[in-house]
Amino acid sequence: MSPRPLIGGGPLWALALAPLLALTLLSAPAGAQEATPAAPAAAQGAAAQTPATAAAEAAREARLEELRYQHMWVAFGAVWLVLFVFVRQTYARSAAVSARLDELKGRLALLEGREGREGREGAGANGGARREEG
Amino acid sequence: MAAAGLFWAHWLAFVYVPMEGTMRAAQRIFYFHLPSAWLCYVGFLLCAGASLLYLLKQQSRHDALALAAAEVGLAFGVIVLTTGPLWARAAWGVWWRWEPRLTTMAVLFLIFACYWLIRSFGGDSAPVRKFGAALAVLGAPNIFFVHVAVTRWRGDHPNNIQLEPSMRVALYSTLLVFMVVFGLLVRLRYRVHLEERAAAALSRRLSRLGA
């Protein structure tokens with residue numbers, strides 16, 4: 001089987017590299033510590049909260065909640081996308097190779113049929129010649 | 001059946017399981033992230049086992065199984081490396097950290113991505129098969145390092161999480177469904193590789209016959 005070309009090697013190729021590229025671009029340097037979104041703002045102290053800070057805190061929490069839902073949906077979308085692309089690509093390849101196999105088997109049967117006929121005809125001609133000689 | 005199982009797993013992860021207190025909705029990613037990681041390991045281990053058999057016995061079907069298992073393992077690896085950062089951003093505030101579990105997992109993925117690239121684009125000759133098989137056999141032990149990364153090198157990645165009973169039900173149900181999907185995909189892919197080899201052999205026979 002001849003090597004397949006690098007470009008057009010299937011969607012799995014792009015799918016495999018995209019997350020790694022994204023990770024490299026978006027990753028934080030080692031040791032960098034951001035405040036975790038899940039961490040409560042308890043350090044400020046509940047007693048010290050004014051209505052303004054409480055409102056800001058509520059808005060921040062609402063943004064975080066929205067972000068969590070967004071990430072959850074994107075993650076589930078990614079799971080489905082990967083499975084769908086993989087299954088689709090497998091079926092497409094299976095259909096293509098089945099068609100090729102059928103075509104090759106047809107050509108082989110035709111060739112063997114022709115050779116068999118020629119062989120029989122050849123044998124028949126030789127037999128006739130032997131009878132004439134006799 | 002597998003599609004119905006996937007819908008059932010989604011129902012468990014979205015509806016049946018209660019909302020986790022700290023990470024809230026983002027925690028639901030866990031029910032697909034962890035089974036995908038385990039099946040990614042299974043795929044790579046299966047690839048290494050079949051590759052070892054191929055190196056010992058030189059039978060084409062072992063090589064076809066190794067390639068099929070690596071491809072499915074990589075698909076689950078893509079799921080792990082996509083859902084992981086999405087979960088990390090919501091839980092830790094960063095997409096990625098160069099901590100031991102994540103780094104070793106990325107290395108493991110890259111080793112088998114190399115295997116797949118070599119096998120897909122390097123032709124299907126015996127030396128390429130043997131080279132790929134050796135790479136898979138030597139790359140698979142990295143799974144051990146991924147597994148022990150959190151305890152040995154004190155990483156940030158969660159490990160041995162205590163789950164509520166309902167969460168355990170959802171996790172193991174999703175794992176079961178993913179195992180069925182994994183088995184089906186490996187079987188499908190294995191058949192495709194065997195058929196491709198049969199077609200290549202038939203094509204060579206026809207060219208010898210001069211057709």
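Good morning. The expected span of a helix is 1.5 Å times one less than its number of residues. Please keep that definition in mind as we turn to the structure, which is a predicted model.

I begin with helix α2 of chain B, covering residues 30-57. This helix has 28 residues, and the distance from its first C-alpha to its last is 40 Å, close to the expected 40 Å.

Next, I consider how two helices of chain B are arranged. Two packed helices are described by the angle between their axes and the distance between the axes. For helix α4 (residues 100-121) and helix α5 (residues 126-139) of chain B, the angle is about 170 degrees and the axes are 10 Å apart. An angle over 145 degrees counts as roughly antiparallel, and therefore α4(B) is roughly antiparallel to α5(B).

Which residues of α4(B) and α5(B) meet? On the α4(B) side they are Ile111(B), Phe112(B), Cys114(B), Tyr115(B), Ile118(B) and Arg119(B). On the α5(B) side they are Val128(B), Phe131(B), Gly132(B), Leu135(B), Ala136(B) and Gly139(B). The residues of this contact comprise 9 nonpolar, 2 polar and 1 charged.

Leu117(B) also lies in helix α4 of chain B.

His147(B) counts as partly exposed because it has 15 C-beta neighbours inside 10 Å. His147(B) and Arg101(B) are 46 residues apart in sequence, yet their C-alpha atoms are 7.5 Å apart in space.

Finally, I come to the largest nonpolar core, which holds 73 residues. The members that touch the most others are Phe44(B), Cys47(B), Ala66(B), Ala69(B), Ala70(B), Trp87(B) and Ala136(B). At least two residues each are supplied by α2 of chain A and by α1, α2, α3, α4, α5, α6 and α7 of chain B. The largest share, 20 residues, comes from α3(B).

Let us look at Ala69(B) in detail. Apart from neighbours within four places in sequence, Ala69(B) contacts Gly43(B), Leu46(B), Cys47(B), Ala50(B) and Val186(B).

Thank you for your attention.

Methods:
Residues numbered from 1 in each chain as written. Chains lettered and ligands numbered in written order. Predicted model: local features only at pLDDT ≥ 70, side-chain atom pairs only at ≥ 80, totals over all residues. Axes fitted to C-alpha atoms, helices over the stretch in contact; angles between N-to-C directions. Helix = DSSP H or I, 4+ residues; strand = E, 2+ residues; numbered from the N terminus. Parallel < 35°, antiparallel > 145°, perpendicular 65-115°, else oblique. Contact = placed C-beta atoms within 7 Å. Nonpolar A, V, L, I, M, F, W, Y, C, P; charged D, E, K, R; others polar. Core = buried A, V, L, I, M, F, W, Y, C linked by C-beta atoms within 7 Å. Buried ≥ 20, exposed ≤ 12 C-beta atoms within 10 Å, placed from the backbone.
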